[in-house]
Amino acid sequence: MDLLDNIALGFGVALTLQNIAYAFVGCVLGTLIGVLPGIGPVATIAMLLPVTYALPPVSALIMLAGIYYGAQYGGSTTSILVNLPGESASVVTCIDGYQMARNGRAGAALAAAALASFLAGTVGTLLIAAFGPLLSELAFTFGQADYFALMVLGLVCAVVLASGSLLRAVGMILLGLLFGLVGRDVNTGIARYDLGRTELIDGIGFVVVALGMFGLGEIIANLSRREEKREVFARRVSGLWLTREEFRAATPAALRGSALGSFLGILPGGGPTISAFSAYTLEKRLAGQRGTFGAGDIRGVAGPEAANNAAAQTTFIPMLTLGIPPNATMALMVGALTLHNIQPGPQVMTQNPQLFWGLIASMWIGNLMLVVLNLPLIGLWVRLLQVPYRLMVPAILMFCMIGVWSLNGSSFDLLLMAFFAVLGFVMARLGCEGAPLLLGLILGPMMEESLRRALLLSRGDWSTFITRPISATLLAVALALLVAVLLPTLRRKREEAFREE
Amino acid sequence: MRLRSARDVAVGLVFLGFAALFWWFGRDHPTGTAARMDAGYFPMLLSALLALVGAACVLRGLFAGDPEEGRIGAIALRPVALVAGAVLLFALTLDLVGFLPAMFASLVLVGFAGTERRPLESVIAAAVLTGFGWLVFIRLLGLQFPMTGF
Amino acid sequence: MTRMIGRRSLGALALAGVAQPALAQEYPRRQPVRLIVPQAAGSATDVMARAVAQPLSEILGQQVVIDNRAGAGGLLGTEMLAKAAPDGYTLGVVNISTHGVNPGLFRRLPYDAVRDFTPIGMTATIGNAVIVRSGFPAQTLAEAIAFIRANPGRVNFASAGQGSSQHLAAALLARMAGGLQMVHIPFRGTGPGTTAVMAGEADLMIPTISSALPAIRSGRARALAVTTEASVPDLPGVPPAKDTLPGYVVTSWYGIAGPANTPAPVVARVNAAIRDALTRPETVRTLEAAGFVPAAGSPAELAAHIVAEIERWRRVIEDAGIPREG
């Protein structure tokens, strides 16, 4: 069979001692740097790109892939341990992962994240190997109207994400969307809400808001709790490994997350973030009343982690089969390839099968290595939580400040982070969660752009959103989801009203 | 009149405040029409929606909220002021005195944010962390920071 | 702004006033040379910079460190270069956006593209290709122009963004063809734009040849013309656009410059190093693989080119009624 031959060829390339070593070094470096809060995959790859110049192309790409997975996984670690998402996809992991850590289950959360990522990585790699070229066609069936519908669905997911009041969650999403509008409007080039500052022309960076609201906001919240309630992390850590029940709950969640992530990863712009959010929504809906989402539910870690890793995997498809980078990380990879005299595109598979299949095989090896590397480290990470909180505060603060500065080298970003720290703390005290705001911030610009492009293409005809089958379906799903969320709330309201009379 | 939920009222006011700010700073952009949206269309639409949600929050807080969940409680100003202040201190002094003193001062300051304060320990921790940050991020990773002031 | 080896540079800076000639002779022995790239890692500008920085380091005998300062469409990095100390230890990449289009596009530009810089030398150019979706009813540029003229406002074109050089290249095409009416669909970057052409949503686009190649090779897009002086080896049989529209030549270009008042000996030294680098076979191969055409030149030539480009795009922006940005 062709596929088996190809995979054999790939492993033949990837399993040389030299290339295994590069994959390993890549994973280690990626994990070490990625685990530094505020430094996500893009920054990590950009930093380590020059290291790979001297290597032969296949080895360079293998090492870069290792760095990419390592950085991605490193981000999950800090999300779980200290509520610091290194990139947008790990915001969701914060929600339940960090609560698990506070309940003394950090080990289980980290293990679930590692295993779910590995499972998803395997699924994603197999998909690329078997259906890569076919799947790339999917990107072409998605038009601008369909992207808009996808964003709408994403925003409805953000509502479901909230565990408290729906009204407040909707407000936070709108606030996030508004913050997302800051900066240059792609359609007209007009800078909106830039207050005359050059630093704001590109908009407010995700990392600035995430580290401010999540990282620093959490510090303020913990410090302002009264003495008796000061215990931030459970003293007693109950076991580093998953219990049987957790394992049983997490496995199907990881499988569903892998499927969802594999699909959404192929779409340009969708990628890991939307996958993670929708996987969380899916798990929360499926669990219904029986879930403890928001308070440390293992499914809220396994599902999204699987989804974002599967998506990270299938994001390679448009890049490898078409040479079109769907996001910043892949753009970096394309840059790295061209520096090695390889023009990414459909011809790579036929002209350079060694490289193509070698990379695919090393993707899987990279995923395997991450598990092998990270499972033993869990004990070490968990021990870090035993450090007195008063000493963790300056450490987290330093990582946040260095992380934000490293983005643009701008003091202004630091001031913005301070603003969002205060805002995050105040809103949390008022019972508003940060995740919906972050999702609004990410989706806002994409939503507005795709809406306006869709209307430009249809010459102002709004029916384009209903007449296109994909868009119509997505909007219907969004509507159904919204009704499903609103109905129980409304019913409860009516019951309350009756009871009071 | 007694508030049903102080939180809802406060949240509503925050939302209304931001809606007003975004409306005010975005009022000069042309809105265009629904068929041909201009730069101001989305900002106006979202500001209006946020104002609606804010108003709904206020109303709910006045008449229908959950009094138990709705209590805000006392807010300790010290941690807010000192954590935000530490970031401001670093941001404003970085260009003046360089990375090492700015980071050190900022980390010492944040040591006083909690209720449990041990000055000596804070100073030592700040020094160790500053050194660690310099070694890892500047020496090893080659991030560009101002090292000296002007 | 900042330097990697700050403490040493402070002392050296104090010396700079009295001992400039000696310093210029010693250049660049003191410290690594920072090359500001006003675009993100992995972008075309970055690929060019890295391809050139490597041989430059060898020739100058001093590390040339790439410093990516993306942001605000290149404004931030370019502003940083303008404000850097003119000692030759901070150089930067200038290109068609920062020193061609932006001066005409931005009302408040944080730098003066001519006065705030010392041009050192051109490094590379890259041509564009006029591509259309595979179902577009035209096989040549002339047919396409006729079709667009016959259907005013019904043909749309994609670009990497409002005010991007691709947008202006299309605006220039429309103007030179006698005022064609097309709908502009701006995307965030070249990748999503070419995807829209391949998906058949957008009709036409004028991306750089290297970013158009995957789309053309997949059969989902067709090249009607190249915007260079002559046909290019990558696209055999595709005629230059100027055969149809005399004078229509658009190339993205890249060069290296220092802040204003960079000492002449430093300029001469770096310019010679660039020329030398661009003769090295491995550098040429890397550049060509990424779609660039190596193009060395004198500092004066780069300076003249910058002035000419600013004037050219300013007129296109005014004629096309593209709103000037804040």
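1. The C-alpha centres of domain 1 and domain 2 of chain B lie 38 Å apart. Domain 1 covers 6–63 and domain 2 covers 77–140, with bounds that come from an automatic or database domain assignment.

2. On the basis of the note: this is a predicted model, in which local features need pLDDT of at least 70 and side-chain atom pairs count only at pLDDT 80 or more, while totals for chains, interfaces and linings use all residues. Residues are numbered from 1 along each chain as its sequence is written, chains are lettered from A and ligands numbered from 1 in the order in which they are written, and side-chain values use heavy atoms, with hydrogens and water left out.

3. Chain B touches chain A through 70 residues, which meet 68 residues of chain A; contact here means heavy atoms within 4.5 Å. The area buried between chain B and chain A is about 5900 Å², and carbon and sulfur atoms give 78% of that. Buried area is the accessible area (1.4 Å probe) that two parts lose on being put together, summed over both. On the side of chain B, the trio B:Phe22, B:Phe42 and B:Val87 supplies 11% of the area buried against chain A, more than any other three residues.

4. Between chain B and chain A there are 2 salt bridges, a salt bridge being a side-chain nitrogen of Lys or Arg within 4 Å of a carboxyl oxygen of Asp or Glu. A:Arg168 forms a salt bridge with B:Asp8, with 2.9 Å between the closest N and O atoms. The elements of chain B that give two or more residues to the side touching chain A are α1, α2 (41–63), α3 (77–97), α4 (99–110) and α5 (119–140). Of the elements on that side, α3(B) gives the most, with 12 residues. Helices (H or I, at least four residues) and strands (E, at least two) are DSSP runs, numbered from the N terminus.

5. B:Arg7 is found in helix α1 (residues 6–26) of chain B. B:Arg7 is buried, at a relative accessible area of 15%; buried means under 20%, exposed over 50% and partly exposed in between (1.4 Å probe, protein chains only). Leaving aside neighbours within four places in sequence, the contacts of B:Arg7 include A:Arg168, A:Arg429 and A:Leu430 in chain A, and B:Glu69 and B:Arg71 in chain B.

6. Between chain C and chain A, 43 residues of chain C are in contact with 40 residues of chain A. The area buried there is about 3700 Å², with 57% from carbon and sulfur atoms. In chain C, the residues C:Arg50, C:Arg188 and C:Glu201 lose the most area to chain A, together 15% of what that side buries. The count between these chains is 1 salt bridge. C:Arg188 and A:Glu449 meet through their side chains in a salt bridge (2.5 Å, N to O).

7. C:Arg324 lies in the segment after α12 (299–319) of chain C and is partly exposed, with a relative accessible area of 36%. The C-alpha atoms of C:Arg324 and C:Asn102 are 9.6 Å apart, although 222 residues separate the two along the chain. Beyond neighbours within four places in sequence, C:Arg324 is in contact with C:Pro103, C:Gly104, C:Leu105, C:Phe106, C:Arg107 and C:Arg314.

8. Helix α13 (residues 299–314) of chain A has 16 residues and reaches 22 Å from its first C-alpha to its last, close to the 22 Å expected at 1.5 Å a residue. The expected span is 1.5 Å times one less than the number of residues. Of the 16 residues of α13(A), 16 are buried, so the helix is largely enclosed by the rest of the structure.
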